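Here are my notes on the model you sent over. Have a look at it first, then read on.

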Amino acid sequence: MFKKILLTFLFAGLFVSCDEDENQINFLDLKISSFEIIDNNENGIYTTTNIFPSNVEAYNINDHGVIWMKNGSVVDRLNLGDLQQNSFEANFATSLIKGERYSVFPYLVSEYGYTYGDTLSFVSNVDVNVLITELTPRNGFIRDTVTIKGENFCSASFNSSNRLLLDDTYHNVIFESDSLIRAVIYPYLTSSEASPSLKSCGIITDIEGKFSVNPPVLDSITSKNLYVGEELVVYGENIHHNISKVWLEGVETELIVTDSITQIKARVPENLPAGKLDFKLQVLDKIIERTDFYQSTTPVIEEISPRNTGFLDTLTIRGKFLDQQSDILEVVIGDRTQNIISQSDEEIKVIIDQLFSVDNPELVLNTGTFSLSEPITMLPPEIIGFDKEKYHLDGEIIIQTKYYLGNRSTAKIGSIIADTESAYTQIDNDGTFKVDLKKWLDVSDLFPDYIIKNSGLMEVFIETNYGTSSKDFLIYAPEITKINQTAFFHASSIALEGTDFGYNKGYAGVAEIYVDDILVENPGNSSYFLYNYTAQIPVSNTLYPGNHKIKIITGGQESNQVEFTIKSLTINSLSPTAGTRKNVYSIEGDNLEYRLSYRIKANGYNCKVINSTKNKVEFKLPQGIELDPVANITLEYGPQTFDVGSITVTEPYERIEGYSLYLSDYYVGSYSFEYNNKFHYININGIFELDESSYTWNKIETDIPINVFVNNKVQPPVIGNQLYIPSGNTFHIYNFDTKSWSIKELNLSSELSLQRVAIHDNILIAIVMDSGFNIFHYRYNLDDDTKELMQFPSIGTISATTFYYNNGKIYLDTLNDDIYVYDLDNDSWENIGFPRSHKYFHRNNLYVYNGILYFSGGLGNEDAERGLYAYNLQTKQWIEKVPTLNVLTDHSVFGSGQNLYFLLGRSLYGYEHNELIKYTINEDPF
């Protein structure tokens with residue numbers, strides 16, 4: 001392998017040795033032409049080597065020689081230096097053992113690289129007789145010099161050198177000749193009595209006798225206290241870290257490399273026992289022992305004072321070597337590192353200022369690499385006292401405690417835990433902390449929850465994992481400093497201001513309000529509230545006019561009492577004494593300006609107050625009640641009831657008893673119409689006819705081909721015996737005689753749908769809408785299906801438009817505009833005004849009967865209404881009538897004899913109107 005490596009360098013050099021000068025020699029011509037072994041005897045191997053070409057000096061050969069190998073590995077080499085001739089001889093014997101097989105080859109080294117000859121194999125006949133005559137001295141220690149005398153010593157070569165062996169360890173030769181060798185003892189000794197030998201010429205020759213290692217001598221060790229990891233120095237003679245060991249109380253130490261023979265450095269190990277420790281030094285197989293020779297610095301806790309302790313208490317730990325002079329020194333109690341306030345080797349003081357909740361905690365001292373634990377007993381917390389005798393609910397209180405270290409979750413004041421950290425200051429080392437009661441108790445909150453005991457006592461409660469403590473402090477009694485006024489009407493509110501009122505939520509509280517020593521109950525609504533600084537109650541309707549007193553009792557403590565007066569009312573007269581529900585009536589007297597303080601009733605039903613002054617109140621009779629012909633008027637004020645007088649009532653309306661409407665048949669989207677002097681409605685459930693004698697509905701047709709009915713704004717035309725129901729751009733026509741349906745297709749786009757329709761003399765007037773919600777108005781001839789666009793007054797929202805046909809005229813009521821009348825014969829529009837001042841009105845009904853246009857119900861600016869208005873088509877005047885008994889929207893009207901009937905649609909709160917209201921026209925005085 002070695003030869004192959006050298007050849008690699010040879011060929012690599014080939015490419016860099018060429019030159020453009022043709023006279024330059026070619027190193028490829030340099031060859032070893034022959035190589036042979038000429039002798040193999042006990043003195044060595046003799047070889048001869050010939051080189052081609054003969055001008056060897058031209059190649060600048062700077063080294064030549066032979067290399068011998070065994071089993072493919074280099075044994076040694078012989079370097080003969082530069083060469084000036086074309087042959088050389090070489091003889092060698094180093095490291096050859098008689099009878100072993102070797103191989104050898106020559107080499108040349110020139111400036112162009114290596115050149116090698118053939119490899120020859122041989123069995124060695126070499127037998128070198130190394131003779132040792134003397135070894136001195138026969139004892140010593142590391143670094144001592146040993147001299148060996150003898151014959152036939154070999155000199156050091158490429159792979160072979162002379163070595164002194166003591167047992168199996170080699171020691172370095174510092175001088176050598178064929179008869180004298182000097183060696184220095186290295187620190188590789190393995191025993192105190194060693195067998196010496198010499199390795200020379202590759203052969204180990206034993207030396208008779210033994211070599212004794214000088215025994216160790218122990219002088220002393222480091223005298224100062226040493227801690228774990230520090231260096232302990234052992235002083236003496238004939239000691240060295242490489243052949244020594246040191247034990248402290250049976251624990252082997254780590255030795256530090258020093259290369260000294262007079263001292264050893266050992267690192268103080270962990271986990272040594274405390275006190276004086278035994279020492280042992282071993283050098284090779286020699287042992288020196290000393291009893292109580294080393295002072296251990298292992299810490300010892302001798303006392304903890306006090307063992308019965310608590311949070312924020314100061315503990316004193318006494319002992320030895322407590323501070324190990326390392327980065328680690330901590331006292332852990334309950335898995336929390338506590339605050340060390342002083343420390344020394346013999347005493348550590350620590351304050352327990354870190355909160356924990358471990359059962360049966362231990363004190364653990366971690367110092368250096370040591371961890372010592374001791375049992376302690378944690379005492380329960382204790383409240384010592386407060387800084388003042390009394391406190392306001394929004395004041396500050398300083399609480400002095402002992403053995404307590406907590407947070408807001410471990411303390412309660414007034415039985416509640418603070419919901420914010422800002423309600424208190426952190427506990428100082430004296431166990432004192434300040435509490436902002438206003439924040440802790442949520443005094444300014446609408447819904448506090450704190451508790452005050454009787455006699456104004458509030459409890460402070462603290463707890464740790466080791467017990468609890470509680471103590472009461474006194475709250476100031478409530479004080480009323482202001483009342484909103486001194487005289488009140490009923491139904492008004494008494495408002496108080498002051499301090500320390502507490503709170504009352506109705507279902508829970510610490511305070512109550514008393515009037516004339518009678519408890520005012522909290523009704524659970526906004527008329528009553530009681531907070532810390534303010535309170536309000538409604539004036540009780542049980543209080544008679546005169547003087548009264550109010551007070552607050554909080555936590556059993558009474559406030560000062562404040563006087564107030566309930567005003568008295570005087571009733572003088574009632575006018576008029578006859579009228580309808582439309583009329584406005586008045587009562588004269590005194591102190592009538594506050595209308596909420598009293599109730600005016602007619603036969604026990606509430607009247608609506610319209611206006612009030614100090615000496616007069618105006619009202620209307622109940623609007624949804626059928627009153628008796630005589631209505632007795634009373635005024636209720638607190639516990640008083642005044643008989644005001646009576647009113648003779650004219651009522652043109654009545655609710656028809658026995659009328660029934662099955663809501664399963666009806667819904668508001670139905671269309672209503674009159675046929676053959678009878679009232680009907682139609683929807684997907686059928687056609688229904690009203691029996692005026694029994695006021696019941698009869699279903700006269702069940703087959704309905706249409707499944708969409710928009711709302712009651714559509715008035716389906718009735719022409720002769722046929723009913724026209726608009727659907728999309730067609731009419732579904734029902735024949736009452738044949739009880740059959742037919743379809744009338746209209747010449748309208750499929751995108752158009754009929755919204756409002758009227759038919760007069762076979763002329764259709766229609767409002768239609770396309771798929772984009774655009775509105776168009778058509779005049780359509782049903783005979784020849786011709787059509788033309790026509791002009792209508794502006795229509796905003798089609799759903800808010802009332803479209804009504806009667807006797808050749810169309811009545812159009814659009815949102816926020818007047819009512820217009822279109823005369824189909826004259827093709828003209830007439831503005832007939834509007835019955836009310838505000839015109840934002842829709843979902844009402846228009847109906848013409850006996851020359852009068854009736855406007856009823858509808859949805860105005862605020863809510864559904866019950867108004868009825870009449871427009872005389874001859875005099876062209878609007879008159880307001882007595883309003884209906886019910887509010888009405890999307891409803892129907894039909895006339896019969898001297899009566900109008902109001903039915904269907906919606907009533908109060910949007911529910912289906914399931915009553916039939918009869919209106920006798922000539923009984924209405926208006």
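Predicted model: local features only at pLDDT ≥ 70, side-chain atom pairs only at ≥ 80, totals over all residues.

1. Residues are numbered from 1 along each chain as its sequence is written, and side-chain values use heavy atoms, with hydrogens and water left out.

2. Start with the open space. On a 1 Å grid over the protein atoms alone, a pocket is an open set with protein on both sides within 12 Å along at least five of seven lines, a cavity is a set of points where a 1.4 Å probe fits but cannot get out, and lining residues have an atom within 4 Å of a point. Grid points are joined across faces, edges and corners, and a volume is the space filled by probe spheres set on the points.

3. The largest pocket comes out at about 740 Å³. Its lining has 38 residues, with F673, E674, Q715, Y804 and Y805 nearest the centre. Among the strands that each give at least two lining residues are strand 64 (671-675) and strand 76 (802-806); strands (E, at least two residues) are DSSP runs numbered from the N terminus.

4. By class, that lining splits into 19 nonpolar, 14 polar and five charged. Here Ala, Val, Leu, Ile, Met, Phe, Trp, Tyr, Cys and Pro count as nonpolar, Asp, Glu, Lys and Arg as charged, and the others, Gly among them, as polar.

5. The second largest pocket, about 610 Å³, is lined by nine nonpolar, five polar and nine charged residues. K608, Q623, A864, E865 and R866 sit nearest its centre.

6. Two cavities reach 30 Å³ or more. The largest holds about 50 Å³, and its lining includes R408, A411, Y424 and W440.

7. W440 turns up again in the largest nonpolar core, which has 50 residues; W440 is one of those touching the most other members. Such a core is a set of buried Ala, Val, Leu, Ile, Met, Phe, Trp, Tyr and Cys residues joined through side-chain atoms within 4.5 Å. A second, separate core of 45 residues includes A511 and I550.

8. Is F356 buried or exposed? At 5% relative accessibility, F356 is buried (under 20% relative accessible area, 1.4 Å probe, protein chains only). F356 is in the loop between strand 33 (347-351) and strand 34 (362-367). Beyond four places in sequence, its contacts (heavy atoms within 4.5 Å) include F311, M378 and Y466.

Definitions and conventions: Helix = DSSP H or I, 4+ residues; strand = E, 2+ residues; numbered from the N terminus.
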